[in-house]
Amino acid sequence: MNEQIIAIIGGGQAGAMAAAALRQQGFSGPLHLFSDEAHLPYERPPLSKAMLLNDNPQLQPVLPASWWQEHNVQLHLGVTLREIDRASRTLTLADGQTYRWTQLLLATGAAARPLPL
């Protein structure tokens, strides 16, 4: 039987919580999280008066820094994904590194689109 390898693409709250849920539900195989941001997944703050009035907002990590190592989640931060090959079940980063996966979760979020007003 082949070992299950899960790759999560996206370093936002959805990706982080997916990793946490997998470990909580007993998945013990290799788990990789890829993000183009160079820091740990953080809470994307809601637009609120408190946030708008704060002169120095701090990133609030979704999970503590120690959690990732304690739960054996391989973080790949500050990387750019170049290709997902579904046939060979690999993903390739911009620097040429390739990673194999058996299950892939896309949790890249969305970007706001300005309305043409």
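Predicted model: local features only at pLDDT ≥ 70, side-chain atom pairs only at ≥ 80, totals over all residues.
Modeller: Residues are numbered from 1 along each chain as its sequence is written, and side-chain values use heavy atoms, with hydrogens and water left out.

Colleague: How many helices and strands are in the protein?

Modeller: The protein has 3 helices and 7 strands. Both are DSSP runs, numbered from the N terminus: helices are H or I with at least four residues, strands are E with at least two. From the N terminus on, the order is β-α-β-α-α-β-β-β-β-β.

Colleague: What makes S2 and S3 a pair?

Modeller: Two strands pair if DSSP finds at least two bridges between them. Strand S2 (residues 31-35) and S3 have 5 bridges, so they pair, in the parallel sense. Leu31 stands opposite Val73 in S3.

Colleague: Which open sheet has the parallel pairing?

Modeller: The one of 4 strands, in the order S3-S2-S1-S7. Strand S3 (73-77) and strand S7 (103-106) are called edge strands because each pairs on one side only. The twist averages 15 degrees from one strand to the next. For such angles, axes are lines fitted to C-alpha atoms (for helices, over the stretch in contact), and the angles run from 0 to 180 degrees between N-to-C directions.

Colleague: And what is the order of the antiparallel sheet?

Modeller: That open sheet has 3 strands, S4-S5-S6. Its edge strands are S4 (81-85) and S6 (98-100). Here the twist averages 20 degrees from one strand to the next. Strand S5 (residues 90-93) and S6 share 3 bridges in the antiparallel sense, and Thr90 stands opposite Arg100 in S6.

Colleague: Why is His76 called buried?

Modeller: Buried means under 20% relative accessible area, exposed over 50%, and partly exposed in between, with a 1.4 Å probe and protein chains only. His76 is at 8%, so it counts as buried. Its place is in strand S3.

Colleague: Is Thr102 buried or exposed?

Modeller: Thr102 has 15% relative accessibility, so it is buried. It is found in the loop between S6 and S7. Its side chain makes a polar contact with the side chain of Gln4, at 3.2 Å. Buried residues make up 32% of the 117 residues in the protein.

Colleague: What makes Gly109 exposed?

Modeller: Its relative accessible area is 64%, so Gly109 passes the cut-off for exposed. Gly109 is found in the segment after S7. Gly109 and Gly10 are 99 residues apart in sequence, with 7.3 Å in space from C-alpha to C-alpha.

Colleague: What is the volume of the largest pocket?

Modeller: About 310 Å³. A pocket is an open set of points on a 1 Å grid over the protein atoms alone, where a 1.4 Å probe fits, with protein on both sides within 12 Å along at least five of seven lines; lining residues have an atom within 4 Å of a point. Points are joined across faces, edges and corners, and the volume is the space filled by probe spheres set on them. Of the 18 lining residues, the closest to the centre are Gly10, Gly11, Asp36, Ala107 and Thr108.

Terms used:
Polar contact = N/O pair within 3.5 Å; in protein donor to acceptor, adjacent residues only side chain to side chain.
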